[in-house]
Amino acid sequence: QVQLVESGGGLVQAGGSLRLSCAASGRAFSWYTGGWFRQAPGKEREIVARISWSGDMTTYADSVKGRFTISRDTAKNTVYLQMNSLKPEDTAVYYCAAGPGGNNWSTWGQGTQVTVSS
């Protein structure tokens, strides 16, 4: 069974950077697609970025392209989200998710708050 724990959220000024980490337990994670989602107050949860199990395929929401980078370290069973040039509209609870592929996100983390001040 895969379990996910996020870390790295916090308060940052606009233009700043943060790196989120998602540490996974469970051998199956090595074969899972990894993803980061976010949910702002009053809004629906949206996908921010996803990465294939091999790490060679990534996709991003248009709103974060060129600013965010998703990566994974197989040896550490961890997926990262490097967030640069942060904007106030990036403020949200960020969730890590994993699953066997497609839109099957079978496992979720507890979420970490990211707040960007103007």
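Is Trp108 buried, exposed or partly exposed? In this predicted model, Trp108 has a relative accessibility of 33% and therefore counts as partly exposed. The close-up views below begin with the aromatic rings.

**View 1. Phe37 and Trp105 form an edge-to-face aromatic pair.** A search of the whole structure finds 3 aromatic pairs, and in the one shown here, between Phe37 and Trp105, the ring centres are 5.2 Å apart while the planes stand at 85° to each other. Phe37 belongs to strand 4 (residues 33-39), whereas Trp105 lies in the loop between strand 9 (92-99) and strand 10 (107-108), so the pair ties together parts that are 68 residues apart in sequence. Both Phe37 and Trp105 are buried.

**View 2. Phe37 and Trp108 form a tilted aromatic pair.** Here the distance from centre to centre is 4.7 Å, and the angle between the planes is 55°. Because Phe37 lies in strand 4 and Trp108 in strand 10, this pair ties together parts that are 71 residues apart in sequence. Phe37 has a relative accessible area of 9% and is therefore buried, whereas Trp108, at 33%, counts as partly exposed.

**View 3. Phe37, Trp105 and Trp108 are linked by ring pairs into a cluster.** Phe37 takes part in the edge-to-face pair with Trp105 and also in the tilted pair with Trp108.

**View 4. Arg45 lies over the face of Trp108.** The distance of Arg45 from the ring centre of Trp108 is 4.6 Å, and this Trp108 ring is also part of the cluster with Phe37 and Trp105.

**View 5. Arg72 lies over the face of Phe29.** In this view, Arg72 is placed at 5.0 Å from the ring centre of Phe29.

Conventions. Residues are numbered from 1 along each chain as its sequence is written. This is a predicted model: local features need pLDDT of at least 70, side-chain atom pairs count only at pLDDT 80 or more; totals for chains, interfaces and linings use all residues. Side-chain values use heavy atoms; hydrogens and water are left out. Rings of Phe, Tyr and Trp (its six-membered ring) pair if their centres lie within 6.5 Å; planes under 30 degrees apart count as stacked, over 60 as edge-to-face and the rest as tilted. Helices (H or I, at least four residues) and strands (E, at least two) are DSSP runs, numbered from the N terminus. Buried means under 20% relative accessible area, exposed over 50%, partly exposed in between (1.4 Å probe, protein chains only). A charge sits over a ring if NZ of Lys or CZ of Arg is within 6 Å of the ring centre and within 35 degrees of the ring normal.
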